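Dear colleague,

I am passing on the structure that you asked to look at, and my notes on it follow below. Please keep it open while you read.

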Amino acid sequence: MKRMNRRDFLKRSLGTLAGVALGTGLDLPEAFAQRRPVKQGPIKIGGQAILSGPLGGYGNFMKMGAQLAVEEINTKGGIAGSQTEIEFRDEELKPDVAVKNARYFVDNWGADFLIGCDASSVGLAVGQVMPELNKVLIITHAATEKINEDLVYKKGIKQVFRISVPVYQDGIAAAIIAKDFPVKRWAAISPDYEYGYTTWKMFRETLKKFRPDVEFIAEAWAKFGTVDFGPHIGAVMPKEPEGIFTTEWGGEAITLIKQAKLFGVFDKAKAWMNPMGAAMDVLEGLGAEYPLGLWISCRYWFLYPDTRENRAFVQRFQKRWNRYPHYVSETGYSAVYAIKTAVEKAGTLETSEVIKALEGLSLDTPAGKRVFRREDHQAIYEVPWGQTAEDKKYPFRILRPLKVIPANDYYRQPPFA
Amino acid sequence: MKRREGSILNIILILLLLVGLALLPQVASRFSIYLTIQILLLSLLAMGFNLLFGYTGLLSFGHAAFYAIGAYAAGLILKEATPSLLLAVLVGTAVAALFSLVIGFFCVRHTKIYFSMLTLAFGMMVYSLIWKWRDVTGGDDGLIGIPRGTLSIPGLLQVNLHSMESYYYFVLIVCLLSTLFLHRLVHSSFGLILQGIRENAERVAFTGISVQHYRLLAFIISGAFAGLAGTLLPPLENTLAPAVAHWTKSAEPVLVSLLGGAQTFAGPIIGSILFLVIKESIVRHTEYWLIWFGAILLVLVLGFRGGIVGFLYENVLTRLRR
């Protein structure tokens, strides 16, 4: 052991004293900042999702994912040394309720971050008040392109990020897949609201560019909460479409497919595309009843990518909740980790610094590498399309073969003209 | 003498409430102010509704339509035309009144369940219209980025309402003036006739009064106040979506009036306070808030006959006076 002589001792003491003096008054050296927790008390994350009504399952799935991430982070020492706390509220799919939740979280509960938002209208409404609340919001589901293109890019609301894919996946990527089909006559059976219209429009515009020979011959719009798709199928099928494009989701996607089977749609049409068809609730809901060979996708599918990280995530999720992860589980999970990474990179909870840390951040997540695009705060990552196939290992359909298009090839790019 | 004691107690209570409301921004957090604005809006909507329900005896299940029409008219003016709050509020209210005239014209020919069903149908028609008319209303994505606007009367006044506190005072003043107006209205001969119609429409008709005209007038005033409440919403939220026109929104004034006491003037106000405060407290403790909220409302509505205000009035005030 090395002995410390008097001179050394003096030097060190002075050094420490100087360090303390500097530390209190002036800019902290990097090493000092790292050792202090960024916050006294826990870092608080306010989550909101749809937790009641027929779509309440979505919120629960999202909660499971986010909860798992918080538990993992806390057992490993928290975010930058601070424990993490998460609380959930029901957004009820109502923008005014969601705005109230956001205000409660930030102004009353003391949230440092917000995550969640299922409905597009909810994402837009909450995004709109983020400059006033001045905390970072990471959207985990709401898919409208207006969030990244209008709110973030055009209006410059920098507090909003989205970790899940936008409607580009549903409309544009679908068309890039469909261009290789021997299908000329397309029809749509889709939800009678903004999401349905936008995706169908993107699909048509993109497909027409690749395939000037295709025709769009029929469309039927189903109200939110439709239980009988007979009239919609009946309106479309007599026009003899060769391909059907639908963005029905949740329980309605299940109902539509069951009824389309009864009407013999899958014998008559050559192709069926549903960008929400690979969501875990639809896969599990239909089980072996899901016809084979349909083209489906979602926002994360639990077997893709085939990496150690993703396999481990699915395993941990199953161990904790005894379920397969839904895509909203993965986006909720990754949103919490994005917060952790950004805070630790920024070394502070200061919103402007966290935003800087998130912009351009590259993140290893179960869904693969995600990069938050600087201009519009949209996470860029790949989600596969695939055909429904049977696999003895699972009580539901899996996707095989997969078709993966690089996200940068089909995401709309700024400046969104 | 006994009567006077009651009114002195009333006045003291009202003064305390007013002072509390006026001082609220000094003591409360931004969220509490926001919640209070929501309570004020619901009270205004419910008071308008209750003119028709409690005083005239007509149960409307479509008042969210007028609330939404006022809100969309105001939102569109603020967003597309001019950020003048006063103009948005006035025009929004006028548009709502106009729609009340047209819809009321068809509805007041009927009473009881037929009236309720008709208002429900018209209400959902307005909802569908807002949902479908995407070029104007933005469909289900709604109107986004509505500015709060400024309160300006040329040559007189120019107030920036950017902060939650100043907007709160604006809403508070509008609500107090409306409350005063409605209070005078229901205690005027017009209000007495409405109550007469509620008790026995035939007898009123025999005195030579046109029951339908009075019902229609009550309908228009009621719709106009619902619309006025609606115009105050978009500047608060900065966004507006069709959910405000849905029948579930129409159910709120019905519930709060029953909760507070439909036969009392203060009933809808007290009901609104309880409704939002109870919901807010439950939501903080559980995500399965609906079942608790429903159960508590059920107990309150069933347990307090005539609503909470009515119940207190009957059982406490009368006993105090004895």
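This is a predicted model: local features need pLDDT of at least 70, side-chain atom pairs count only at pLDDT 80 or more; totals for chains, interfaces and linings use all residues.

Chain A has an average pLDDT of 90, and 91% of its residues score at least 70. Within chain A, confidence is highest in strand E4 (residues 136-139), at 98, and lowest in helix H2 (residues 30-35), where the mean is 47. The pLDDT is below 50 over residues 15-33 of chain A, and this stretch has 4 contacts in the model once near neighbours in sequence are set aside.

Chain A contains an open sheet of 7 strands, in the order E7-E6-E8-E9-E10-E14-E15, with mixed pairing. Strand E7 (215-222) and strand E15 (398-403) of chain A each have a single partner strand and stand at the edges, so one side of each is left without a neighbour in the sheet. Helix H7 (residues 168-178) of chain A packs on this sheet, where it touches strand E8 (243-245), E9, E10, strand E14 (385-389) and E15, and its direction makes about 160° with that of E9(A). Helix H8 (residues 194-210) of chain A also packs on the sheet, touching strand E6 (185-191), E7 and E8, and its direction makes about 160° with that of E6(A).

E6(A) deserves a look of its own. In E6(A), 6 of the 7 residues are buried, so the strand is largely enclosed by the rest of the structure. E6(A) pairs with E7(A) in the parallel sense over 7 bridges, and Ile189(A) stands opposite Ala220(A) in E7(A). E6(A) is also joined to E8(A), again in parallel, by 3 bridges, with Phe245(A) in E8(A) as the bridge partner of Ala188(A). Together, E6(A), H8(A) and E7(A) make a right-handed β-α-β unit. Elsewhere in the sheet, strand E9 (residues 271-274) and strand E10 (residues 295-296) of chain A run parallel and are joined by 2 bridges, and Met273(A) stands opposite Trp295(A) in E10(A).

Turning to the contact between the chains, 24 residues come from chain A and 19 residues from chain B. On the side of chain B that touches chain A, helix H2 (30-55) and helix H13 (289-303) of chain B each supply at least two residues, and H2(B) gives the most, with 3 residues. The residues on that side of chain B comprise 8 nonpolar, 6 polar and 5 charged. Gly139(B), in the loop between helix H6 (134-137) and strand E1 (143-144) of chain B, is in contact with Tyr193(A) and Glu194(A), as well as with Trp131(B) and Arg134(B), leaving aside its neighbours within four places in sequence. Gly139(B) is buried, with 21 other C-beta atoms within 10 Å.

Some backbone details remain. Most residues other than glycine have a negative phi, and most peptide bonds are trans. A cis peptide bond joins Tyr304(A) and Pro305(A), with omega at about -5°, and another cis peptide bond, between Arg400(A) and Pro401(A), also has an omega of about -5°. Pro305(A) lies in the loop between E10 and helix H13 (308-321) of chain A, whereas Pro401(A) is found in strand E15 of chain A. Asn134(A) has a positive phi, near 50°, and counts as exposed, with 12 C-beta neighbours inside 10 Å. His377(A) has a positive phi near 60°, but counts as buried, with 27 C-beta neighbours inside 10 Å.

With best wishes

Key. Residues are numbered from 1 along each chain as its sequence is written. Chains are lettered from A and ligands numbered from 1 in the order in which they are written. pLDDT is the predictor's confidence in each residue, from 0 to 100. Helices (H or I, at least four residues) and strands (E, at least two) are DSSP runs, numbered from the N terminus. Two residues are in contact if their C-beta atoms, placed from the backbone, lie within 7 Å. Ala, Val, Leu, Ile, Met, Phe, Trp, Tyr, Cys and Pro count as nonpolar, Asp, Glu, Lys and Arg as charged, and the others, Gly among them, as polar. Two strands pair if DSSP finds at least two bridges between them. Axes are lines fitted to C-alpha atoms, for helices over the stretch in contact, and angles run from 0 to 180 degrees between N-to-C directions. A residue is buried if 20 or more other C-beta atoms lie within 10 Å of its own, exposed if 12 or fewer, and partly exposed in between; C-beta atoms are placed from the backbone. A crossover is right-handed if, with the strands pointing away from the viewer, the path from the first strand over the helix to the second runs clockwise.
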